[in-house]
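Reader: Please walk me through how to read a model like this one. I'll ask as we go.

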Amino acid sequence: MPFLISPVLTAEAFPGRLQPTLPTGDGLLLRPWRSADAPAVYEVFQDPVMHQWHARIADSEEEVAGWIRDWHQAWEEGHQAQWAVVDADSDRLLGRVALREIRLDDGTAEVAYWTVPAARGRGVAARATTALTHWALDEIGFHRLELLHAVRNEASCRVASRTGFTLEGTKRSAILHPDGWHDMHLHARVRGD
């Protein structure tokens, strides 16, 4: 059955293209993940703060190496885009920023991020999210980006606000974490905001 509207983005938006490196313009780079990043990611996932806000843990560097392979595959398939956030001078890992739940037909995706403990409170997540948002909305042509975080995660709420994601509401009992069900704030940016 034919559609009355054309897709916002076509499959060529990701598959077949090299994943770009995105500079923030202020000392950070968003670059594709490398297999050599596995030890640093494993270390981050040993942090209790990560356990508080993420449902996933890492049992070994080998497991994380598999995640990185999966992230590359997800780029090729066009359903996720994951970047390492690194110091532009030293290439030291500072965090991760991603587009998840990509729906090319609708031109929508969900923004996600985390930072290493030493990078928290330095604006890394906000700077990386700003660069990713600019690329996704202005260069690629996404129509809407959503950002979800646990209501109790005040730091993540500050990142959403600083990067222009408008709070649209609360999704009640939406995500299960190890400590139970969490209400989630839904923020969004629409192209042209």
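Reader: Which residue follows α4, and is its phi positive or negative?

Author: First, some housekeeping. This is a predicted model, where local features need pLDDT of at least 70 and side-chain atom pairs count only at pLDDT 80 or more, while totals for chains, interfaces and linings use all residues. Residues are numbered from 1 along each chain as its sequence is written, and side-chain values use heavy atoms, leaving out hydrogens and water. Now, most residues other than glycine have a negative phi. After α4 comes G141, with a positive phi near 105°. Helices here are DSSP runs of H or I with at least four residues, strands are E runs of at least two, and both are numbered from the N terminus.

Reader: Where is D91, and what is its phi?

Author: D91 sits in the loop between β3 and β4, and its phi is positive, about 65°, although it is not a glycine. Its relative accessibility is 30%, so D91 counts as partly exposed (buried is under 20% relative accessible area, exposed over 50%, partly exposed in between, with a 1.4 Å probe and protein chains only). S173 is another non-glycine with a positive phi, near 45°, but this one is found in strand β7. S173 is partly exposed too, at 40%.

Reader: How many residues does α4 have, and what does it reach from end to end?

Author: The expected span is 1.5 Å times one less than the number of residues. α4 (residues 124-140) has 17 residues and reaches 23 Å between its first and last C-alpha, close to the expected 24 Å. For α3 (residues 61-77), the end C-alpha atoms are 24 Å apart, which agrees with the 24 Å that its 17 residues should span.

Reader: How many residues of α4 are buried?

Author: 12 of the 17, so α4 is mostly covered. Among them are V124, A128, W135 and I140. In α3, the buried residues include W67, W71 and W75, and what covers the buried residues of α3 includes α1 (38-44), β3 and α4.

Reader: In what order do the strands of the sheet run?

Author: Strands pair through backbone hydrogen bonds, either parallel or antiparallel. Here 8 strands form an open, mixed sheet in the order β1-β2-β3-β4-β5-β6-β8-β7 (a pair needs at least two DSSP bridges). β1 (22-23) and β7 (166-177) are the edge strands, each pairing on one side only. α4 packs on this sheet, touching strands that include β4 and β5 (contact means heavy atoms within 4.5 Å). Further along, β7 and β8 are antiparallel over 8 bridges, and a hairpin joins them through 2 residues.

Reader: Which residues have the most contacts inside the largest nonpolar core?

Author: Nonpolar side chains tend to be buried together in soluble globular proteins. The largest core has 52 residues, and L99, W135 and F142 have the most contacts inside it (a core is a set of buried Ala, Val, Leu, Ile, Met, Phe, Trp, Tyr and Cys residues joined through side-chain atoms within 4.5 Å). α4 gives the largest share of this core, 10 residues. Beyond its neighbours within four places in sequence, F142 is in contact with residues including L9, F14, L99 and A136. L99 stands opposite V111 in β5.

Reader: Is H149 buried or exposed?

Author: H149 counts as buried, at 3% relative accessibility, and it lies in strand β6. Leaving aside its neighbours within four places in sequence, H149 is in contact with S156, C157, D183, M184, H185 and H187.

Technical notes
Axes fitted to C-alpha atoms, helices over the stretch in contact; angles between N-to-C directions.
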